[in-house]
Amino acid sequence: MKVTIKQWNAVATWRWDMAEDDDVCGICRSAYDSTCSKCKYPGDECPLLMGECNHSFHMHCIIAWVRQEQSQDRCPMCRQPWKEKGA
Ligand SMILES: [Zn+2]
Ligand SMILES: [Zn+2]
Ligand SMILES: [Zn+2]
């Protein structure tokens, strides 16, 4: 039996080491109902943004992320091109 693992490798290298948790922002690892690492108080000042891939992040986190050249404007969780849902 022959098994090709080329594809698997490409996907595995990107995975975060930490366990996946649906309730935390994939960038700062803080809970969605908490704030990003730069804000002190949850609420309108630090909203969540959802992308068309259905991943959500704190607005400040995803803005900072896409500004980085290495992000290539892609979602940090699934690597699809980042586009804000409904925008
Ligand atoms: Zn965050
Ligand atoms: Zn914030
Ligand atoms: Zn995504």
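Let's start with Cys-46, which touches Thr-35, Cys-36, Cys-39, His-58 and His-60, leaving aside residues up to four places away in sequence. Keep in mind that this is a predicted model. From here, we can look at the core, a zinc site and a glycine.

**The nonpolar core**
- Cys-46 also belongs to the largest nonpolar core, which has twelve residues.
- Its other members include Leu-49, Phe-57, Ile-62, Trp-65 and Trp-82, along with cysteines such as Cys-25 and Cys-75.
- Helix H2 (residues 59-67) supplies the largest share of this core, with three residues.
- In soluble globular proteins, nonpolar side chains tend to be buried together.

**The zinc ion (ligand 3)**
- Four residues coordinate the zinc ion (ligand 3): Cys-53 (SG), His-55 (ND1), Cys-75 (SG) and Cys-78 (SG), at 1.9 to 2.3 Å.
- The site of this ion is tetrahedral, with angles of 106 to 112° among the four donor atoms.
- For comparison, the ideal angle for four tetrahedral donors is 109.5 degrees.
- Along the chain, the donors of the zinc ion (ligand 3) have the spacing C-x1-H-x19-C-x2-C.
- Because His-55 sits in the loop between S1 and strand S2 (56-58) and Cys-75 in the segment after H2, the pair ties together parts that are 20 residues apart in sequence.
- His-55 is partly exposed, at 26% relative accessibility, whereas Cys-75 is buried, with a relative accessible area of 0%.

**Gly-26**
- You can find Gly-26 in the loop between helix H1 (6-12) and strand S1 (48-50).
- Gly-26 counts as buried because its relative accessible area is 2%, under the 20% cut-off.
- Gly-26 and Met-77 are 51 residues apart in sequence, and their C-alpha atoms are 6.6 Å apart in space.

Key
Residues numbered from 1 in each chain as written. Chains lettered and ligands numbered in written order. Predicted model: local features only at pLDDT ≥ 70, side-chain atom pairs only at ≥ 80, totals over all residues. Heavy atoms only, no water. Helix = DSSP H or I, 4+ residues; strand = E, 2+ residues; numbered from the N terminus. Buried < 20%, exposed > 50% of the residue type's maximum accessible area, 1.4 Å probe, protein only. Core = buried A, V, L, I, M, F, W, Y, C linked by side-chain atoms within 4.5 Å. Contact = heavy atoms within 4.5 Å. Donors = N, O, S within 2.8 Å, 3.2 Å for Na, K, Ca; no water. Tetrahedral: all angles 85-135°; square planar, octahedral: opposite > 155°, others 65-115°.
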